[in-house]
Amino acid sequence: MTTAEKYVTAAYLVVLAVVLLYVVLYAFRMARLARQVDELAESHGHRDPAHPQAAVPATPRARPARVTRQ
Amino acid sequence: MSLRNNAGPAAALGAFAFLLGGVALAFYWVPDDADQGFSQRIFYIHVPVALTAYACFGWGAWKALRLLWTRDQRYDLESYTAVHMGVIFGVLTLVTGSIWAKISWGVWWSWSEQQLVLFLVLFLFYSAYFMLRYSTDPGPRRASMSAVYALFGVVLIPVSFLAIRLAENFIHPVVFTRDGPQMEGTMFLTFCVCLAGVLALATALYQTELAGKRLDERLRELREALA
Amino acid sequence: MSAYLGDVVVLARKDLLLELRARDTVPAMLLFVVSALVVFRFSLPAEASDLAAVGLLWIAVVFTALLGLTRAFAAEREQRLLDGLVLAPCDRSAIWLAKSASVLAFLVLAEAIALPAFALFFAPVGWETVAAFALADLGIAAVGTLLAAMAAASRARELLLPLLFLPLVIPIVVGGVGASVQADPGRYLAFLGLYDLVFAILAWASFEYVVTE
């Protein structure tokens, strides 16, 4: 690989890396949202049969809409 | 409505296909540039990313205008998300442009590179937009202030561009141009494919981020209501 | 129309009277700009040309303006006056126009000291520089007043204003320094005029949204 090739590849990889970083940060946000939803459900005595314990970092299945119905 | 719901996945799919094709074309199909050789291939990512950043800022300003016009608060989040995406693509423009400067002139930063300087100014400007949002309490007042600031941004783009052009004369009398020869057909096609890919990527990210921000907001409202 | 102008005059007179009685902004600006010039004198190596000093003069004036702008809405904020002003039966843009006029007056006063001081300490000042400052003041006052109103509504206040203001003032510095150091100041002055026009209209039209909910 010549120097120019390395730099050009690096430029494309930077774009890819930023997109991947975004995905990682988004995964963290999703985990946080799911945790908050669980806390909310728990603090209002909501027991979801699909989630016997909120120990599993919950999936996005636990939607806020579920809680509003209470 | 179904189109609206599927816009995110469709854009993501489009981004994947176009970017994969675009990168393949840029690396294996397009001939070397007569002037700059292999290194010119960075053009196919740098310029589409820069144009997409402008598009995001413009979209944010459009939503800001809609907010001020209709006072409909949902535009606030849309405008914010668009500016957010614009900043991400702006940073990418700075990084890829810096790499291009390194290949072409051996330095990581060149003040004679007008596009880069403009993006630096815009980066500072829109970083202040985030500061403004973070240090103001949520509500209609913050929404309209952010909207006004976002509108100032799109006006600042051409004004700054003009200013940077003028500054060239006394900061850096030497002018580099990248115009060179006219773009060939193959080059133009590759460029278009890459541009479509990056725009689709921005749309997908915008939809995702917007969904995330909305979810965040709804959850916060819910917690306040139930607390 | 005359009612609108009447409102502007009343509001601007209020600011000027307040300043005349309390004297808490203009003396600080004057002292700041002279101190800044003295500091710059010691930050320039002996071989540096007068052109570099001209650039620093512009920086000194921009920061002096910033100093004045952070105080622009201080009285309104401390006395909770802004809500009352917004409720007053006048066009909101009149508030902006009046405040810009008083900021402009303070800035012109500061420059009336800064330019002679610069001529005394560094190099003579040409008519182009004076014209550039006159045009730049309009832009700084127009944009700065709007941003100061935004910053006053935020929690960070004084901290936020420079962050909002400096990126927007870059074109003014380019136009001003260009007009001061280039052989053909015409297009730089024209650029400053264009900046003033564009941003004054924008600020005038959008101020209402900054002060109301």
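A salt bridge is counted here when a side-chain nitrogen of Lys or Arg lies within 4 Å of a carboxyl oxygen of Asp or Glu. The model is predicted, so that local features need pLDDT of at least 70 and side-chain atom pairs count only at pLDDT 80 or more, while totals for chains, interfaces and linings use all residues. Residues are numbered from 1 along each chain as its sequence is written, chains are lettered from A in the order in which they are written, and side-chain values use heavy atoms, with hydrogens and water left out.

**Exercise 1.** Describe the interface of chain A and chain B by its contacts and its buried area.

Solution. Begin with contact (heavy atoms within 4.5 Å): 27 residues of chain A touch 32 residues of chain B. Next take the buried area (accessible area, 1.4 Å probe, lost on putting the two parts together and summed over both), which comes to about 2,700 Å², with 79% of it on carbon and sulfur atoms. On the side of chain A, Y7(A), Y12(A) and Y22(A) lose the most area to chain B, together 26% of what that side buries.

**Exercise 2.** Find how many salt bridges join chain A and chain B, and which element of chain A supplies the largest share of its side.

Solution. The count is three salt bridges, and one salt bridge pairs the side chains of R29(A) and E209(B), at 3.3 Å from N to O. For the elements (helices being DSSP runs of H or I, at least four residues), α1 (3-43) and α2 (64-68) of chain A each supply at least two residues of the side that touches chain B, and α1(A) gives the largest share, 22 residues.
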